[in-house]
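Thanks for coming. Please have a look at the slide before I start.

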Amino acid sequence: GKGNKKRRYKEERRGKREKREKKKKKEEKKFFFSSRRRHTRYISVTGVQTCALPISVMHFKIAQAIEASGKMEYPKKEYLMAHHYLRSTEREKAFPYLLKAFDAALANFAFIEAKEFYQDAVSLTNDGTHLYDSSGLLYLYFKMTWLSRVLGNYREGIEYAELGLKLSEELMDGEMKNQILIQKGLTYFRLNRWQDARDCLINCLHADASDSGFIKAMANFGLGNVCLELSEYPQAVDYYQSALHLAKQLNGEPLIGTLYNNLGIIENILGNHLKSVQMYSKGIPIFEKSGDHFGLARLYHNIGMNYADETSWKKANEFYGKSLSVSDVMGLVPLKSITFLNRAIALVNLNRYEEAREYNFKAYRLLTRLNDELGISEYHKVQGILEREQKNWSEAVKHFEIAIEKFQALQNKLGVAETKYERALMEIEVDNRRNAVIWLEKAKEDFANQDLQEKVKFVNEKLAEIVRRETEAKAEVMHD
């Protein structure tokens, strides 16, 4: 009847529509049908018709048009050229643009994007497209060793360094070999492998290609870092001053700013807070001028530590917040983890214990991911302080003992001395003056062995306070 005819007609129409849709989807896998807006935009910029072209051909034509036009500036042009050539019929042409895009991303502190450009460039060498550009690949290995260290991917950084060193030997490129060795040494430093770090850096200092002032400056900088962590402060200052002298000759402002920062750290440890601030103040305009947000984040953190040493906890917390606002956006996990630790201490002293506990735990998670044993030692010290302030005595003792053991294993004398001092404060809290004196004397001896006279003076004041209290207590008993 009429009803059946109508139903069959509808089913036939539905079947034809489904066939058309299937055909359209199949064609869309082969061809790029741009929206009118996108098509118009490409025509206006490149003059190239982009509708209904195979995707790889379309990308190639767009890349050629962008290359020929003078309408785009660096780095936008490099980003687009890398993107389109990589997806075109001539992928090998993407390689030089990927290198430029990689450099532009690093210069703008877009570290995640830089890593993506690296991976794209290496994909060309892996598929045999661009194996002949070995020098470009060597440069990428060098930069990725540095980037991996900054982002806290230390073991990955060592792997990149090994690849780079092997390729530099094949190419007989002594200059690049030394630059990679420096980055490898600085990565070993972050892994607390002091001797491995020293070996890499000293090799650079004495190698034939070390005529380069920059390589000598970086080697001295790295050796200064190792000495700083091992509490060898006079040697650290000597290395930093040598690096600073060379960096000034080379007008190497980023390195100059970093050296002022590190010299400020030493002055702070030695108790010279005014000199420390002066050093940091020299670094701030250098980092601001160059747009080095990484350098500024480190400075903000260290200024926060200065305020902490002066017990200005609100200001300390404020500067830690400034540092975190930068390191969080840039993905600077190592700096972020240490700032979490120090912010936890500031929050403890502001009686904001739950927040302090949260920040210390966040630090621990990051430090564990980084395999940063020195940072984990600091975590236990901070956790001991937190437990002490909340009168969880047994937990405090447990964390202080773990911290001391770990600091000793890492030869970090300052960490050992500071933790012994914090343990002494706990004994004062529980009114165990005898044990407090024992721990204060231990801390005093350790500080004296590092020639930290300001800290020795501070411990002596605590010892004198204990003696005064005992004398007053005895006098009260006699009076009664």
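Predicted model: local features only at pLDDT ≥ 70, side-chain atom pairs only at ≥ 80, totals over all residues.

Asp196 has a relative accessible area of 27%, which makes it partly exposed. Its partner in a salt bridge is Arg193, with 2.9 Å between the closest N and O atoms. Arg193 is partly exposed as well, at 35% relative accessibility.

In general, side chains of opposite charge can pair when their charged atoms come close.

Another of these pairs is Glu156 with Lys115, where the closest N and O atoms are 3.2 Å apart. Glu156 is partly exposed, and its relative accessible area is 26%.

Next, Lys391 and Glu429. Their side chains form a salt bridge at 3.8 Å, N to O. Lys391 sits in the loop between helix H19 (373–389) and helix H20 (393–409), while Glu429 is in helix H21 (residues 413–429), so the bridge ties together parts 38 residues apart in sequence. Is Lys391 buried or exposed? At 51% relative accessibility, Lys391 counts as exposed, because the cut-off for that class is over 50%. Glu429, at 45%, is partly exposed.

Salt bridges also form a network here, which links Glu378, Lys381 and Glu418.

Now the rings. The structure has 11 aromatic pairs. One of them is Tyr300 with Phe319: the ring centres are 6.2 Å apart and the planes are at 50 degrees, so this pair is tilted. Tyr300 is in helix H15 (residues 293–309) and Phe319 in helix H16 (residues 313–330), so the pair ties together parts 19 residues apart in sequence.

Staying with Phe319, what is its relative accessibility? The value is 11%, and Phe319 therefore counts as buried, since buried means under 20%. Phe319 also has a charge over its face: Lys322 lies there, 4.6 Å from the ring centre.

The charged end of Lys442 sits over the Trp439 ring, at 4.3 Å from its centre.

Last item: Phe60, Tyr85 and Tyr97 are joined into a cluster by ring pairs.

That is what I have; questions are welcome.

Definitions and conventions: Residues numbered from 1 in each chain as written. Heavy atoms only, no water. Salt bridge = Lys/Arg side-chain N within 4 Å of Asp/Glu carboxyl O. Buried < 20%, exposed > 50% of the residue type's maximum accessible area, 1.4 Å probe, protein only. Helix = DSSP H or I, 4+ residues; strand = E, 2+ residues; numbered from the N terminus. Phe/Tyr/Trp six-rings, centres within 6.5 Å; stacked < 30°, edge-to-face > 60°. Lys NZ or Arg CZ within 6 Å of the ring centre and 35° of its normal.
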